Amino acid sequence: SNSVPEPPAPGSMAPFQPVSADQDGFVDVKRADMLLNGGDQAASLRAAATAWSANATTLLGAAQPFQIKIENWEGAAAEAAYAKFQRFGGWLVELAGKWEQRAAEAYTLAAAHETARSTHEPIRVEYEALEAQMPAAIAAGGSAARTLSLKMEQLQHQSEAVRETYAATGNPK
């Protein structure tokens, strides 16, 4: 019999926190857009997911020989060996499923990133247009500057909502 104990199951991950802000506790619309557009736009994540799917396929192929009944074996030792072969093959299939699950999570996160980028861009464009109008509105006096400021504040809230959705959608299962 096998005297090596089964490895313990990994512990659960701590839940992700809400979208973090800069050190001063605030990320404005333009900085958020810059952060969303930085990096490789999840290309490396998609490449990793493709490799992880390939791992799953390789493991499924490797599991096949362990699922076939071995011919010309008889007796208790043969049955015990066959049972171990089947368990090992089942473990390979289970491991392949985990690799595929990991790849799916990566694809979900990459899609969440692309959605956040495309959703956030019109917010930034409108924010920058209002920001450009602000000096003239301030110079003109009256309520124009206040109106622009309120619209910019609404856009700031929309930006934060996009980032929170991104964080929630990309949160691994």
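A residue counts as buried when its relative accessible area is under 20%, as exposed when that area is over 50%, and as partly exposed in between, with a 1.4 Å probe and the protein chains only. At 0% relative accessibility, H120 is buried.

This structure is a predicted model, in which local features need pLDDT of at least 70, side-chain atom pairs count only at pLDDT 80 or more, and totals for chains, interfaces and linings use all residues. Residues are numbered from 1 along each chain as its sequence is written, and side-chain values use heavy atoms, with hydrogens and water left out.

## Overall form

The protein has four helices and zero strands, and its pattern along the sequence is α-α-α-α. Its radius of gyration is 27 Å, well over the 16 Å that the globule rule gives for 173 residues, so the protein is more spread out than a compact globule. That radius is taken over C-alpha atoms, and the rule is 2.2 Å times the number of residues to the power 0.38. Helices (H or I, at least four residues) and strands (E, at least two) are DSSP runs, numbered from the N terminus.

The C-alpha trace spans about 95 × 25 × 20 Å along the principal axes. Of the 173 residues, 24% count as buried. The accessible surface comes to about 11,600 Å², and 60% of this belongs to carbon and sulfur atoms; the areas come from the Shrake-Rupley method with a 1.4 Å probe, and for residues only the protein chains shown count as cover.

A contact means heavy atoms within 4.5 Å. Among the contacts with a separation of 6 or more, 76% are between residues 24 or more positions apart.

## A buried histidine

H120 lies in helix α3. Which residues does H120 contact, leaving aside its neighbours within four places in sequence? They are V29, A32, D33, L36, S159 and V162.

## The loop between α1 and α2

Q41 is in the loop between α1 (29-37) and α2, and A42 is in that loop as well. Phi of Q41 is near 55°, a positive value in a residue other than glycine. A42 is not a glycine either, and its phi is positive at about 70°. Q41 counts as buried at 18% relative accessibility, and A42 counts as buried with a relative accessible area of 11%.

| Pair | Apart in sequence | Apart in space |
|---|---|---|
| P172 and A106 | 66 residues | 8.5 Å |
| T58 and A96 | 38 residues | 8.0 Å |
| V27 and S53 | 26 residues | 36 Å |

P172 is in the segment after α4 (144-169) and is partly exposed, at 33% relative accessibility. T58 belongs to helix α2 and is exposed, at 56%. V27 sits in the segment before α1. Is V27 buried or exposed? At 4% relative accessibility, V27 counts as buried.

## Pocket and cavity

Both terms rest on a 1 Å grid over the protein atoms alone. A cavity is a set of points where a 1.4 Å probe fits but cannot get out, while a pocket is an open set with protein on both sides within 12 Å along at least five of seven lines. Lining residues have an atom within 4 Å of a point. Grid points are joined across faces, edges and corners, and a volume is the space filled by probe spheres set on the points.

The largest pocket has a volume of about 1,100 Å³. It is lined by 29 residues, of which P10, W91, E94, L95 and K98 lie nearest its centre. The elements that give two or more residues to this lining are α2 (43-63) and α3 (75-140). Helix α3 supplies the largest share, 13 residues. By class, the lining of the pocket has 16 nonpolar, five polar and eight charged residues. Here Ala, Val, Leu, Ile, Met, Phe, Trp, Tyr, Cys and Pro count as nonpolar, Asp, Glu, Lys and Arg as charged, and the others, Gly among them, as polar.

How many cavities of 30 Å³ or more does the structure hold? It holds one. The largest cavity has a volume of about 30 Å³ and is lined by K69, I70, W73, A78, E79 and Y82. By class, that lining has four nonpolar, no polar and two charged residues.
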